[in-house]
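Me: I've got a model open and want a quick tour. Can we go through it piece by piece?

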Amino acid sequence: REFADLCGVNYAVATSSGTGAIHVALGAAGVSVGDEVITSPITDMGTLIGILYQNAVPVFADLEPYSYNMSPEAVAACVTDRTKAILVVHLAGNPADMDPIMEIARTHGLTVIEDCAQSALARYRGRYVGTIGDFGAFSTNDYKHISTGDGGVVLVNGDEATFHRTHM
């Protein structure tokens with residue numbers, strides 16, 4: 001509850017790890033067998049494991065040369081009729097360019113999950129990362145900004161009725 005309040009969202013759910021947070025978010029988004037999830041080629045394996053646990057297919061978008069975050073143009077080029085979600089990795093405290101990514105997602109009816117394992121409490125245009133997409137996934141292991149030994153948190157953005165109406 002305190003983390004949800006800190007970030008200004010309605011819901012936060014504790015998980016066993018950052019990998020678990022991504023897995024929970026993908027499952028809640030309805031990602032399943034054969035669905036494509038666009039993500040970054042530069043990330044921790046935990047990002048990919050969540051996709052693979054859902055029997056989905058990771059699709060790698062090219063990166064911007066200075067931030068090493070996914071290029072919105074590359075994300076748009078990766079969208080197919082099998083794409084279900086975009087899993088944005090905010091790498092090394094650098095927020096990805098979320099406005100154009102969110103526009104791509106809304107245009108194609110895609111869920112956006114933000115991997116904030118390396119960027120807890122970083123801001124993009126005044127908003128905390130993890131509060132812009134449909135879900136924010138955080139890691140709280142020993143090497144992260146907020147450490148609990150091991151664990152994770154999923155932020156769920158919006159209310160339940162909005163989520164079910166747009167994602168089911």
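Me: Strand 9, residues 152-156: mostly covered or mostly open?
Reply: Mostly covered. Five of the five residues in strand 9 are buried. Buried means under 20% relative accessible area, exposed over 50%, partly exposed in between (1.4 Å probe, protein chains only). Strands (E, at least two residues) and helices (H or I, at least four) are DSSP runs, numbered from the N terminus.

Me: What should I know about the source of these values?
Reply: This is a predicted model: local features need pLDDT of at least 70, side-chain atom pairs count only at pLDDT 80 or more, and totals for chains, interfaces and linings use all residues. Residues are numbered from 1 along each chain as its sequence is written, and side-chain values use heavy atoms, with hydrogens and water left out.

Me: Back to strand 9. Which residues point which way?
Reply: Gly152, Val154 and Val156 point one way, Val153 and Leu155 the other. All are buried.

Me: Which way does strand 1 run against strand 9, parallel or antiparallel?
Reply: Antiparallel, with five bridges joining the two. Strands pair if DSSP finds at least two bridges between them. Tyr11 stands opposite Val156.

Me: And how many bridges between strand 8 and strand 9?
Reply: Five, in the antiparallel sense. There, Ser139 stands opposite Gly152.

Me: How many aromatic pairs are there?
Reply: One. Phe3 and Phe138 sit edge-to-face, 5.0 Å centre to centre, with 85° between the planes. For the criteria, rings of Phe, Tyr and Trp (its six-membered ring) pair if their centres lie within 6.5 Å; planes under 30 degrees apart count as stacked, over 60 as edge-to-face and the rest as tilted.

Me: What does the pair tie together?
Reply: Parts that are 135 residues apart in sequence, because Phe3 lies in helix 1 (residues 2-7) and Phe138 in strand 8 (residues 135-139).

Me: What lies over the face of Tyr128?
Reply: Arg123, at 4.2 Å from the ring centre. A charge counts as over a ring if NZ of Lys or CZ of Arg is within 6 Å of the ring centre and within 35 degrees of the ring normal.

Me: New topic. How many residues are in the largest nonpolar core?
Reply: It has 20. Those with the most contacts inside it are Ile38, Ala61, Met70, Val75, Ile86, Val88 and Met98. A nonpolar core is a set of buried Ala, Val, Leu, Ile, Met, Phe, Trp, Tyr and Cys residues joined through side-chain atoms within 4.5 Å.

Me: Which element gives the largest share?
Reply: Helix 5, with five residues. Helix 4 (72-78), strand 4 (83-89) and helix 5 (98-108) each supply at least two. Apart from this core lies another, of 17 residues, among them Ile22, Ala29, Val37 and Ala56.

Me: What is Ile86 in contact with?
Reply: Leaving aside neighbours within four places in sequence, its partners include Ile38, Met70, Val75, Ile101 and Ile104. Contact means heavy atoms within 4.5 Å.

Me: Which way do the residues of strand 2 point?
Reply: Glu36 and Ile38 point one way, Val37 and Thr39 the other, and all are buried. Four bridges join strand 2 to strand 3 (residues 57-60), running parallel. Val37 has Pro58 as its bridge partner there.
Reply: Three, and the two strands run parallel.

Me: What hand is the β-α-β unit of strand 2, helix 3 and strand 3?
Reply: Right-handed. That is, with the strands pointing away from the viewer, the path from the first strand over the helix to the second runs clockwise.

Me: Where is Asn55, and what is its phi?
Reply: Asn55 is in the loop between helix 3 and strand 3. Its phi is near 60°, a positive value in a residue other than glycine. Most residues other than glycine have a negative phi.

Me: And Ala92, buried or exposed?
Reply: Exposed, at 56% relative accessible area. Ala92 lies in the loop between strand 4 and helix 5, and its phi is near 55°, also positive.

Me: Last one. How far apart are the C-alpha atoms of Asn10 and Gly158?
Reply: They are separated by 6.9 Å, though 148 residues apart along the chain. Asn10 is in the loop between helix 1 and strand 1 (11-15). It is partly exposed, at 41%.
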